[in-house]
Amino acid sequence: MTTVNVRYMVDDVDAAIDFYTSHFGFTLISSAAPAFADVERGDLRLLLSGPKSSAGRPMPDGSQPVPGGWNRIHFVVEDIAAEVERLRAAGVRFRNEIITGPGGSQILLEDPAGNPIELFQPRARDRG
C-alpha cells in the first residue's frame with residue numbers, strides 16, 4: 001500500500017474541501033460534512049475531521065482535539081515565488097515570508113482551520 005493518510009482537524013469541513021480541491025488539486029473521495037470528508041492527491045489521502053467527527057471527541061482527560069499546531073504536509077514546488085503570489089491573490093493566509101536555507105526555500109501557509117502547509121523549493125543543484 002503506497003497511500004499515506006494524514007488527519008487534520010478542521011473547523012469547517014466544507015471550507016476545507018473547497019480549499020484543498022481549489023488551491024492544491026486534491027480530488028474529493030467522500031463527504032459526510034459537517035463531520036468528515038477525505039480528499040486525495042496522488043498517494044496522499046487527507047482526512048478532514050470536523051468537531052462532530054469521532055476524531056473530534058474529547059480525550060479522557062478532557063482535552064479537545066483542535067486544528068493548528070506545527071506538524072504539516074509538505075508540498076515540493078518548482079517556483080515558490082510564483083506559488084506564493086498565486087495563493088496570496090486567492091486570499092490564502094501565510095504564517096511567515098519565504099526563508100532560504102542550505103536545502104532550499106520554504107514558507108508556511110494555513111488552511112481555513114489554521115492547519116499549516118509547507119511549500120518547499122529545493123535548492124538548485126549545480127550542473128557541471
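## Charges over rings

Arginine 95 lies over the face of tryptophan 70, at 4.5 Å from the ring centre. A charge counts as sitting over a ring if NZ of Lys or CZ of Arg is within 6 Å of the ring centre and within 35 degrees of the ring normal. Arginine 88 also has its charged end over a ring, that of phenylalanine 94, with 4.6 Å to the centre.

Before going on, a word on the model and its numbering. This is a predicted model, in which local features need pLDDT of at least 70, side-chain atom pairs count only at pLDDT 80 or more, and totals for chains, interfaces and linings use all residues. Residues are numbered from 1 along each chain as its sequence is written, and side-chain values use heavy atoms, with hydrogens and water left out.

Helices (H or I, at least four residues) and strands (E, at least two) are DSSP runs, numbered from the N terminus. Two strands pair if DSSP finds at least two bridges between them. In general, strands of a sheet pair through backbone hydrogen bonds, either parallel or antiparallel. Here, four strands make an open sheet in the order 1-4-3-2, with mixed pairing. Strand 1 (4–9) and strand 2 are the edge strands, each pairing on one side only. From one strand to the next, the twist averages 15°; for such angles, axes are lines fitted to C-alpha atoms, for helices over the stretch in contact, and angles run from 0 to 180 degrees between N-to-C directions.

How do the strands connect? Strand 2 (residues 27–32) and strand 3 (residues 36–41) are antiparallel partners over five bridges, and they form a hairpin with three residues between them. Threonine 27 faces glutamate 40 of strand 3 across this pairing. Strand 3 also pairs in the antiparallel sense with strand 4 (residues 44–49), over six bridges. Opposite phenylalanine 36 stands serine 49 in strand 4.

## The parallel pair and the helix

Strand 1 and strand 4 run parallel and are joined by six bridges. Valine 6 has leucine 46, in strand 4, as its bridge partner. Helix 1 (residues 13–24) packs on the sheet, touching strand 1, strand 2, strand 3 and strand 4, and its direction makes about 10° with that of strand 3. Contact here means heavy atoms within 4.5 Å.

Now look at valine 39, in strand 3. Is valine 39 buried or exposed? Valine 39 is buried, with a relative accessible area of 0%; buried means under 20% relative accessible area, exposed over 50%, partly exposed in between (1.4 Å probe, protein chains only). Not counting residues up to four places away in sequence, valine 39 touches several residues, including Tyr20, Phe26, Leu28 and Leu46.

## An aromatic cluster

Rings of Phe, Tyr and Trp (its six-membered ring) pair if their centres lie within 6.5 Å; planes under 30 degrees apart count as stacked, over 60 as edge-to-face and the rest as tilted. By this rule the model has five aromatic pairs. One of them is the edge-to-face pair of tyrosine 20 and phenylalanine 26, at 5.5 Å centre to centre with 80° between the planes. Tyrosine 20 is buried at 0% relative accessible area, and phenylalanine 26 is buried at 4%.

Phenylalanine 24 and phenylalanine 75 form a stacked pair, 4.9 Å centre to centre and with 25° between the planes. This pair links distant parts of the chain, since phenylalanine 24 is in helix 1 and phenylalanine 75 in strand 5 (residues 73–76), 51 residues apart. Phenylalanine 24 is buried at 8% relative accessibility, as is phenylalanine 75 at 7%. Ring pairs link Phe19, Tyr20, Phe24, Phe26 and Phe75 into a cluster.

Serine 105 is in strand 8 (residues 104–110) and counts as buried at 14% relative accessibility. Its side chain joins that of threonine 100 in a polar contact of 3.0 Å. A polar contact is a pair of N or O atoms within 3.5 Å; within protein, one must be able to donate a hydrogen and the other to accept it, and residues adjacent in sequence count only if both atoms are side-chain atoms.

Threonine 3 lies in the segment before strand 1 and is partly exposed, with a relative accessible area of 34%. Leaving aside residues up to four places away in sequence, threonine 3 touches Asp43 and Arg45.
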